[in-house]
Amino acid sequence: MAKLPIDSLNFVGVGVALCFILVTLLYSFFSQIRYVCVTKENLIIKKMLGKVIIPRCNILQVQHKKSLMFDVRLWGISGLFGHIGIFWNKSIGKYTAFVKDGSSMLEIKTEGKCYVVSCDDYVQMIKLLNDWC
């Protein structure tokens with residue numbers, strides 16, 4: 001039987017690295033935000049696969065977030081499909097981000113969590129959610 005010219009340990013290492021990259025790309029693709037929708041009772045963050053539902057009565061504060069530049073990524077990805085995952089910064093603390101467009105971000109504080117999401121018309125969304133709170 002013919003032997004492969006590559007060392008089997010190197011082959012396994014490259015295979016594991018490629019699997020990690022593939023899983024990361026799939027996670028970021030399916031977690032990217034599609035849209036933000038406000039209903040009578042809920043704020044819905046629709047992702048490519050699944051959704052996050054935040055009851056409007058739990059929303060304490062909504063404001064514009066200017067940048068993610070100095071925020072620490074605890075777990076997640078920033079790149080091709082946006083900023084997705086768990087981040088931390090000094091003023092907010094730990095938060096979950098679903099950001100596709102970094103120039104139109106909302107910071108949504110609830111009773112137990114904080115979210116940062118992007119939407120097309122963030123000014124209108126801030127007015128709509130703050131009027132309700």
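Predicted model: local features only at pLDDT ≥ 70, side-chain atom pairs only at ≥ 80, totals over all residues.
Local features need pLDDT of at least 70 and side-chain atom pairs count only at pLDDT 80 or more, while totals for chains, interfaces and linings use all residues. Residues are numbered from 1 along each chain as its sequence is written, and side-chain values use heavy atoms, leaving out hydrogens and water.

**View 1. A nonpolar patch lies on the surface.** Patch residues have over 30% relative accessible area and no salt bridge, with nonpolar side chains joined within 5 Å and like charges within 9 Å; a salt bridge puts a side-chain nitrogen of Lys or Arg within 4 Å of a carboxyl oxygen of Asp or Glu. Val14 belongs to helix H1 (residues 8-31); helices (H or I, at least four residues) and strands (E, at least two) are DSSP runs numbered from the N terminus.

**View 2. Six strands make an open sheet of mixed pairing.** Follow the order E4-E8-E9-E7-E6-E5 to find the edge strands, E4 (59-65) and E5 (72-79), each pairing on one side only. Strands pair if DSSP finds at least two bridges between them. Here 7 bridges join E5 to the antiparallel strand E6 (residues 82-89), and Trp75 has Ile86 in E6 as its bridge partner.

**View 3. Strand E1 (residues 33-38) gives the largest share of the largest pocket's lining, 4 residues.** Among the lining residues are Ile33, Tyr35, Lys100, Asp101, Cys119 and Met125.

Methods:
Areas by Shrake-Rupley, 256 points an atom, 1.4 Å probe, with all protein chains shown as cover. 1 Å grid on protein atoms, 1.4 Å probe; cavity = no way out; pocket = protein on both sides within 12 Å on 5 of 7 lines; lining within 4 Å.
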